[in-house]
Amino acid sequence: MGDSASLPVSVSAVSGTTAAPRHSALVRVTHWITTLCFFALLVTGGEIVISHPRFYWGETGNDLTRPLFKLPIPASRRLVPTGYAYVLRDQNGWSRYLHFQAAWIAVLTGLLYLIYGFISGHFRKNLFPAGTDLSWRAFSTKIASHLRFERPSDAEAWSYNVVQRLAYLIVIFVLFPLVIWTGLAMSPAFVSAFPATVNVLGGQQSARTLHFFVSLGLLLFVLVHVVMICIAGFRSRTRAMITGRAGTDKERA
Amino acid sequence: MTKISRRKMIKAGLAATAGVAGLGVAARIARGYGLIPPDHGGIYGLGETLTYGSQRLLTRHSLAREFPRSQISKPPFANEIEPPTDEFKRLQAGGFADWRLTVTGMVARPGSFSLDQLKSYPSHSQITMLQCEEGWSYIAEWVGVPLSHVLDAVGVLPQAKYVVYFSWEPDTWDSIDMGDALHPQTLLTYGMNGDELPVGHGGPLRMRVPRQLGYKNVKFITHLTVTDNLKRFGKGLGSVSPEYGYAWYAGI
């Protein structure tokens, strides 16, 4: 299957009732498990940050040292100098429990998806861009169309364009590995076994700061992802990711 | 059609049975190797068990990172402590000469140690990081007697699995498995940065478990109990932390 930007596909040829689902069952199930985990990780990660909304670079940092930057929010601990007269409720206990549980489920789900993606050819067919798509012209055409908030063609309901492909590849092969790595680099037990994982990042506080920024990167992806789905047709794209059926015609009517 | 779905059902049933049986066997083996944390029940039990079990397999003999003297935080950050009681002030005025560490439970020779006795044992010093679950951290030099030395002195029985430690502060206690208890960097700390351990940092005696977060490093240690069963202590979750919603294992 080629990309629509360079190789238009006849919609009727692929969207018949006998056609294979737009997204395979494994992609659909892992997508929604990851969505749930991401939401849990985002909320609990935010709660954990609130107990000390200051960020540092290097090995150590605390209320007595100068932060790299601080978030302009109150904290859930009394001693943190935030400039606010009040202290938020401590939510760290359940937040940490849920954060690590969601992380485990996300990592195991991600491993399953990776194995499937390589074995089934999902990455090769659906995510790795075709050589012709990697030209600057093809790329800039697509970016320009995105910036004009153009609704994608029907064929694009069946295949990802080059910008989408690169965004998904960055999330899967760059941001997710980075967020797992920087998370583990904060664990005193994990780094006792693998000290290089934190040393190359510049220290434990650097790992925490990087973890925060990579998480923001993932959040940015999710926001753009949802906006693009709304532009492309929220109901048809969400239905495709739940049932597997793409069906663009009804959406247009 | 019905034949296929029946075959499918039998297959699914067999797979499910095998899966449940496999999990049961895995749980038994994991328990045998001490890979199940005491707070494994409840909705977060899965994550806790995966974290504790996998980190135990990875970190059985690993050493916490140690740092050069130049990286010691000046001054170290002292978290809040309860205001000292009159009894504590009396002990402090006497230079903690009357401070006692009692050791009971699954030991051959239950005993009581003064600080001078503990200090007469070979001391160990380490420059390690103390990391709070909130996110802040500092590096300090800690001096103390390895917990393993005290455990040797009282003769831990072979069936022991955990060391429970109690603070002077009421309702403050925690526990570690024997892997951490016998770990060379686990110290009963009485010195810090070339001085006596300040009261603000848990002086005169603080448990130092550098491969776990700050809250496992309980201050004002007065009592140790060696056990093979954490169910007998508090609500049976291994420490007071899970009773407040915090994980027993804090290696992460």
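Reply: Happy to. Let's begin at B:Pro204, which sits in the loop of chain B between strand E8 (195-196) and strand E9 (206-208). The peptide bond that links B:Gly203 to B:Pro204 is cis, with an omega of about 15 degrees. Please keep in mind that this is a predicted model. For chain B the average pLDDT is 93, and 98% of the residues score at least 70. The model as a whole has an ipTM of 0.90 and a pTM of 0.89.

Chain B has another cis bond to look at. The peptide bond from B:Lys74 to B:Pro75 is cis, and its omega is near -15 degrees. B:Pro75 belongs to the loop between helix H2 (45-59) and helix H3 (86-93) of chain B.

While we are on backbone details, two residues have phi values worth a look. B:Phe96 is not a glycine, yet its phi is positive, at about 60 degrees. You will find B:Phe96 in the loop between H3 and strand E1 (100-105) of chain B. B:Phe96 counts as buried because it has 20 C-beta neighbours inside 10 Å. B:Asp171, also a residue other than glycine, has a positive phi near 60 degrees. Its loop runs between strand E5 (162-167) and strand E6 (173-177) of chain B. B:Asp171 has 10 other C-beta atoms within 10 Å, so it is exposed.

Now back to the start, and to what lies around it. B:Leu205 is among the residues with the most contacts inside the largest nonpolar core, along with B:Val163, B:Tyr165, B:Leu188 and B:Ile221; this core has 47 residues. Strand E4 (residues 137-146) of chain B contributes the most to this core, with 6 residues. Leaving aside residues up to four places away in sequence, B:Leu188 touches B:Leu205, B:Met207 and B:Ile221, as well as B:Leu118, B:Gly144, B:Val145, B:Leu147 and B:Val150. As background, nonpolar side chains tend to be buried together in soluble globular proteins.

Stepping back to chain B as a whole, its secondary structure comes to 6 helices and 10 strands. The C-alpha trace of chain B spans about 85 × 40 × 30 Å along its principal axes. Of its 252 residues, 42% count as buried. Among contacts in chain B between residues at least 6 apart in sequence, 65% join residues at least 24 apart.

At 1.5 Å a residue, the 15 residues of H2(B) should span 21 Å, and the end C-alpha atoms are 20 Å apart, so the two values agree. The buried residues of H2(B) include B:Gly47, B:Glu48, B:Thr49, B:Tyr52 and B:Arg56. Their cover comes from both chains: it includes H3 and H7 of chain A, together with helix H6 (178-181) of chain B.

That brings us to the contact between the chains, which takes 30 residues from chain A and 37 residues from chain B. On the chain A side, helix H3 (92-120), helix H7 (188-193) and helix H9 (204-243) each supply at least two residues. H3(A) gives the most to that side, with 9 residues. By class, the side of chain A that touches chain B has 13 nonpolar, 12 polar and 5 charged residues.

To finish, here is one helix of chain A. Helix H6 (residues 162-184) of chain A has 23 residues and should span 33 Å at 1.5 Å a residue; its end C-alpha atoms are 32 Å apart, which agrees. H6(A) also has a kink of about 35 degrees, centred on A:Val171. Among the buried residues of H6(A) are A:Val162, A:Arg165, A:Phe176 and A:Gly183. The cover over the buried residues of H6(A) includes H3, helix H4 (122-127), helix H5 (136-147) and H9 of chain A. A:Val162 and A:Thr132 are 30 residues apart along the chain, and their C-alpha atoms are separated by 9.8 Å. A:Thr132 is located in the loop between H4 and H5 of chain A. With 13 C-beta neighbours inside 10 Å, A:Thr132 counts as partly exposed.

Terms used: Residues are numbered from 1 along each chain as its sequence is written. Chains are lettered from A and ligands numbered from 1 in the order in which they are written. This is a predicted model: local features need pLDDT of at least 70, side-chain atom pairs count only at pLDDT 80 or more; totals for chains, interfaces and linings use all residues. Two residues are in contact if their C-beta atoms, placed from the backbone, lie within 7 Å. Helices (H or I, at least four residues) and strands (E, at least two) are DSSP runs, numbered from the N terminus. Ala, Val, Leu, Ile, Met, Phe, Trp, Tyr, Cys and Pro count as nonpolar, Asp, Glu, Lys and Arg as charged, and the others, Gly among them, as polar. The expected span of a helix is 1.5 Å times one less than its number of residues. The bend at a residue is the angle between axes fitted to the seven residues ending there and the seven starting there. A residue is buried if 20 or more other C-beta atoms lie within 10 Å of its own, exposed if 12 or fewer, and partly exposed in between; C-beta atoms are placed from the backbone. pLDDT is the predictor's confidence in each residue, from 0 to 100. A nonpolar core is a set of buried Ala, Val, Leu, Ile, Met, Phe, Trp, Tyr and Cys residues joined through C-beta atoms within 7 Å.
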